[in-house]
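Me: I would like to learn how to read helices and pockets from a model. Could you take me through some features in turn?

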Amino acid sequence: MSTITVPVTTPTPSEDSERLRKAFEGWGTNEKSIIQILGHRTAAQRKVIRQSYFQLYEEDLLKRLESELSSDFEKAVFLWVLDPAERDAVISHDAIKKWNEKNISLLEISSARSSAELLTVRQAYHIRYKKSLEEDVAAHTSGNFRKLLVALVSSYRYEGPEVDMHLASYEAKKLNESITSKKDNYEELIRIISTRSKAQLNATFNCYKDVYGHHINKDLKSQAPEDFQDAVRVVIKCICCPEKHFTKVLRLAIEKLGTDEDALTRVVVTRAEVDMKHIKEAYAKRTSKTLEHAVASDTSGDYQDFLLTLIGKDHA
């Protein structure tokens, strides 16, 4: 469920463009006006505003925002104004350029998006970077990570609800063998989690728990190499219960010594129109405090105002 609030009577795209232009002009940028407009528009509305702004002023709104804003606030607004698929392409490219085995943003994009959404991300990546997402992933990773990530970003899962319980039971056994064999051969595990539908995988993980007495993530934690098992556990969480995964990312970003603004921004801008209400509920249940309170306590200024607007609490 989205946490974005849109005015009952929404100005036309040209009116929003004119107000944005005024916010950029004069002595100093009017950041509050930018937040008030862009923080209360859907992805479809923001896309039309970008088009309208260019038609009126022959200027790219994103480039103007980059020149007017700065620091974490600029990055958050830039990502927010991008079309969702283009945004995921940008996040993916940044993750690939700075690749390390602890970076989970590619895992999130390839596992928490629908098949149709992931396809549009790959198309956006083609257009923006003149390469395929798959080839860049393959060129910058190695070993089991390469096998896992290339399989995930290339995937086009079936989205239907049908489940084959015989297959679920069989593949639960195959998963256990792959994890506990100690042969560092995870081809079957990668094949299963990158190709099966999310409904089928949930059935398989339930079978795994019924047969072996605990969730598959427990065996991964004790058996697989640390960085690789962390990656697979992220994939499984994004498939089974994305709100719990993103709650954990937010909690770690806020509670660690020194806020992880990149992670905080990424989760807020990518989930605000998807399932932020569920994430807020899970966060409150896990920490006994609201996400709004946590964000307000750990951020400041325009960056704080913008994040609070996106998660559903305007900050005066």
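This is a predicted model: local features need pLDDT of at least 70, side-chain atom pairs count only at pLDDT 80 or more; totals for chains, interfaces and linings use all residues.

Me: Which residues of α3 are buried?

Reply: An α-helix has 3.6 residues a turn, so residues three or four places apart point the same way. In α3 the buried residues are A43, R46, I49, S52 and Y53. Their cover includes α1 (13-24), α2 (31-38), α4 (61-68), α5 (71-81) and α6 (84-97).

Me: Is R64 buried or exposed?

Reply: Buried means under 20% relative accessible area. R64 has 14% relative accessibility, so R64 counts as buried. R64 sits in helix α4, and, leaving aside neighbours within four places in sequence, R64 contacts R21, F24, Y53 and E59.

Me: What lines the largest pocket?

Reply: The largest pocket holds about 1,000 Å³ of space. Its lining has 37 residues, with K102, N103, I104, S105 and R266 nearest the centre. α15 gives the largest share, eight residues. By type, the lining of the largest pocket has 13 nonpolar, six polar and 18 charged residues.

Me: Which helix supplies the largest share of the lining of the second largest pocket?

Reply: That helix is α6, with four residues. The second largest pocket has a volume of about 290 Å³ and is lined by 18 residues. Nearest its centre lie P84, R113, E117, T270 and V274. Its lining divides into eight nonpolar, three polar and seven charged residues.

Conventions:
Residues are numbered from 1 along each chain as its sequence is written. Side-chain values use heavy atoms; hydrogens and water are left out. Buried means under 20% relative accessible area, exposed over 50%, partly exposed in between (1.4 Å probe, protein chains only). Helices (H or I, at least four residues) and strands (E, at least two) are DSSP runs, numbered from the N terminus. Contact means heavy atoms within 4.5 Å. On a 1 Å grid over the protein atoms alone, a cavity is a set of points where a 1.4 Å probe fits but cannot get out, and a pocket is an open set with protein on both sides within 12 Å along at least five of seven lines; lining residues have an atom within 4 Å of a point. Grid points are joined across faces, edges and corners, and a volume is the space filled by probe spheres set on the points. Ala, Val, Leu, Ile, Met, Phe, Trp, Tyr, Cys and Pro count as nonpolar, Asp, Glu, Lys and Arg as charged, and the others, Gly among them, as polar.
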